[in-house]
Amino acid sequence: MLPASGIDLSVLLAHVQPGFFLDGVFKLPDGREVYVQILLRTLHFLAGIIWIGHLYFFNLVNVNLMKALDGPTKGKVIPQLMPRALWWFRWGALITVLVWLLIPIVTFAIEMIVVKKVNNGWALAVIIALLMMILALAIICWLKSQLSGYGSNKSYSIGLGGALGLIMLFNVWGIIWPNQKRIISWTADNAENGTAIPPESAKLGRVAFLASRTNTWLSVPMLFLMGASSHFSMLGV
């Protein structure tokens, strides 16, 4: 039977098979390892977003917010806000990285001493920049020796970006969180019991701030290198 348009619907429907409109669109890969890799990569991306998002929150929002609050208000806000934010911050950092070891560990050990000794932000920036240049050269030399001089742009970019990510991870767990944990405890005790906050709180807060600001600086080249690994060939052969 022909409809008014002259097209036989029964013939048309007979040619429409299940999945006809999606034919050639979906093609699932073979092999269990492919699915494991994409799950781990997705977890890496999610953890990275949580980590860097909190990093920018602390440096672009929270620093100025805390300056605007009076003592009693800080006593209410800090014990509620900071433990939650720092939990996501430090575990996001750990899950994101979980790679690289020796060279970034040595670099961090030097950087931790510098951050604790240098109070001037601009002087710290110069020293950290020089330290990261040395780190980059060490990573490139190591990768070059491991890859027999035939490293790709992806190898070098991910190697350098991953090393910066490790430094940032160590800053979170080795400096920022230990200092903030003590400050949070003192602030909560002051708000609940009226106990005086120790004078060293200001110094610990300053060191944590400088380490967090260092992470903010390092996040820019780290993110650039992650993107450049596949989309901006500039290193290797």
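Modeller: Happy to! Keep in mind that this is a predicted model. The chain has seven helices and zero strands, and along the sequence the pattern reads α-α-α-α-α-α-α.

Biologist: Let's begin with one residue. Why is Thr107 called buried?

Modeller: Thr107 has a relative accessibility of 7%. Buried means under 20%, so Thr107 counts as buried. Thr107 sits in helix α4, which spans residues 102-117.

Biologist: Which residues is Thr107 in contact with, leaving aside its neighbours within four places in sequence?

Modeller: They are Leu131, Met132, Leu135 and Ile167. To be called a contact, heavy atoms have to lie within 4.5 Å.

Biologist: And what makes Trp91 partly exposed?

Modeller: The relative accessible area of Trp91 is 34%. Buried is under 20% and exposed is over 50%, with partly exposed in between, so Trp91 is partly exposed. Trp91 belongs to helix α3, residues 71-97. From C-alpha to C-alpha, Trp91 is 8.0 Å from Ala47, although 44 residues separate the two in sequence.

Biologist: How much of the chain counts as buried?

Modeller: The share is 33% of the 237 residues. The accessible surface of the chain is about 14,800 Å², and carbon and sulfur atoms account for 70% of that.

Biologist: Which residues meet where α2 packs with α6?

Modeller: From α2 come Trp51, Ile52 and Leu55, and they meet Gly165, Met168, Leu169 and Val172 of α6.

Biologist: How many residues of that contact are nonpolar, polar or charged?

Modeller: Six are nonpolar, one is polar and none is charged. Gly counts as polar, while Trp, Ile, Leu, Met and Val count as nonpolar.

Biologist: One last thing. What share of the contacts between residues at least 6 apart in sequence join residues at least 24 apart?

Modeller: In this chain, the share is 79%.

Key
Residues numbered from 1 in each chain as written. Predicted model: local features only at pLDDT ≥ 70, side-chain atom pairs only at ≥ 80, totals over all residues. Heavy atoms only, no water. Helix = DSSP H or I, 4+ residues; strand = E, 2+ residues; numbered from the N terminus. Buried < 20%, exposed > 50% of the residue type's maximum accessible area, 1.4 Å probe, protein only. Areas by Shrake-Rupley, 256 points an atom, 1.4 Å probe, with all protein chains shown as cover.
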